[in-house]
Amino acid sequence: MDVTRIFEETHEGLCRYLYRLTGDADLAADAAQEAFVRLIQKGPRAEEPRAWLYTVATNVVRDHGRARTRRGLLLLRAGDRVPLGDPPADPSDRMEAAETRARVRRALGELSEKERTALLLREEGFSQKEIARAVGTTTKSVGTLIARSLRKLASRFEHEWEEP
Amino acid sequence: MMDPRGAPHLDDAGLLAVVDGDAPPAGRTHAEECAVCAGRLRRLTADARAVSALLAEVQLPTGFRTPVLPEVPARRTGFGAPVPAQLRVAAGVLVLLFAFGAPPVRAWVVEQAERWAGEVAGLLGGGGDRAATAAGSADEGSALLLTPAPGTLEVVVERPDGILRLGTTDAPQARVEAVAGGRADELVRTPGGVRIRNLAGPPAEYRVLVPLEVTSVRVRVGDRARSFTAQELRAGVRLDLRELALRAAG
């Protein structure tokens, strides 16, 4: 197993996925780092290290989310507080981009944890089979889950843009 | 549901497979020929494109703390490390003597056990690494003392977390210690300096004081490294290990 190659090929996408999943740059960075530490300490048990890394990192986030929920800081509310992405230079563009990101964040927050995870894993190019393994369900169910999430999210935005 | 020719309509998973290009030929053909499925497919494709475009708005911000590839020691030390076979045999003999021996024998066993406990603790505490390097050095409390060669001393930190303070000392030996936190960490001598094994536990603050003969200190986290000159060391350096992991220099 060439860990350096896996790291080079995976870390950017993994961080992006975790950042979209959590809306929290520090948590995303910590979860990605933890996944790579575990990769080196234990090695992937599956044949596909990329899928293994994403699954481990998702579990790290999930465990952290549970702890946060216990403290009353719900992940769903994070979108209102946490800035997402780089602000554009122009103030009006910055406001618009920030608003778009906040809407994306809120919309993602309205999905269930499983829907959000599956949707974002698909966006990173994973197959239904790999996503099913990561979220702990069957391939058929995960296809239904993702299709439903896509409809929910798209419909949510259609309505948002229609609002004055 | 069936199409006019009697074939079942695609379910959501089947339609998504068509969108993602993973569907079998029969599924693709059906989606093209069945008006119902073709309509659903167009809608799902549009939704998927819209969602991808929206998610593209959320990219990693500048300054995002990129992970580094950690170095993990191949050999375990500390609690849980392999116990030498001779020690296992000796411990077994002691247990048998204590269980079946007369009172004077038991007293001798207790005395031997207490004496050996110190030696065993030394062996399990990573003493192998320490004995192998930096001849003539000794530890003081939780601090690690080492006699570095003149020139550059290398400090390797395994996880990019915590604060590292660098400075100089008039003492002949370099002193490395965790000044805040870092209870679970190990400070291990290496041929070039010291390795801070900080993979477990919360971020800590470490201090490395080097003798004046050391002309520079090189700090490395994964493949990122930065060197500090004697002048900088004399003035004192406070290094955020996360920052170091973000940019390579010197």
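This is a predicted model: local features need pLDDT of at least 70, side-chain atom pairs count only at pLDDT 80 or more; totals for chains, interfaces and linings use all residues.
A search of the whole structure, covering all chains, returns four aromatic pairs. One of the pairs is formed by Tyr17(A) and Tyr54(A), whose ring centres are 5.2 Å apart. Tyr17(A) is located in helix α1 of chain A, residues 3–22, whereas Tyr54(A) is located in helix α3 of chain A, residues 49–70. The two positions are 37 residues apart in sequence, so the pair ties together separate parts of the chain.

Tyr54(A) is also buried, as its relative accessible area is 2% and the cut-off for burial is under 20%. Its ring takes part in another pair, with Phe126(A), in which the centres lie 4.7 Å apart. The planes of Tyr54(A) and Phe126(A) are at 70°, and angles over 60 degrees count as edge-to-face, so this pair falls in that class. Phe126(A) is found in the loop between α6 (113–123) and α7 (128–135) of chain A. Because Tyr54(A) lies in helix α3, this pair ties together parts that are 72 residues apart in sequence. Phe126(A) counts as buried, with a relative accessibility of 7%.

Through these ring pairs, Tyr17(A), Tyr54(A) and Phe126(A) are linked into a cluster. A charged residue is placed at one of the rings: Arg50(A) lies over the face of Phe126(A), at 4.1 Å from the ring centre.

Chain B contains eight helices and 11 strands. The chain has 250 residues, of which 40% count as buried. Among its contacts with a separation of 6 or more, 68% are between residues 24 or more positions apart.

Helix α3 of chain B runs over residues 35–55 and has 21 residues. From its first C-alpha to its last, the helix reaches 30 Å, which is close to the 30 Å expected at 1.5 Å a residue. The buried residues of α3(B) include the leucines Leu41(B), Leu44(B), Leu54(B) and Leu55(B), together with Val51(B), Ala38(B) and Ala48(B). Cys37(B), Thr45(B) and Asp47(B) are likewise buried in this helix.

Methods. Residues are numbered from 1 along each chain as its sequence is written. Chains are lettered from A and ligands numbered from 1 in the order in which they are written. Side-chain values use heavy atoms; hydrogens and water are left out. Helices (H or I, at least four residues) and strands (E, at least two) are DSSP runs, numbered from the N terminus. The expected span of a helix is 1.5 Å times one less than its number of residues. Buried means under 20% relative accessible area, exposed over 50%, partly exposed in between (1.4 Å probe, protein chains only). Rings of Phe, Tyr and Trp (its six-membered ring) pair if their centres lie within 6.5 Å; planes under 30 degrees apart count as stacked, over 60 as edge-to-face and the rest as tilted. A charge sits over a ring if NZ of Lys or CZ of Arg is within 6 Å of the ring centre and within 35 degrees of the ring normal. Contact means heavy atoms within 4.5 Å.
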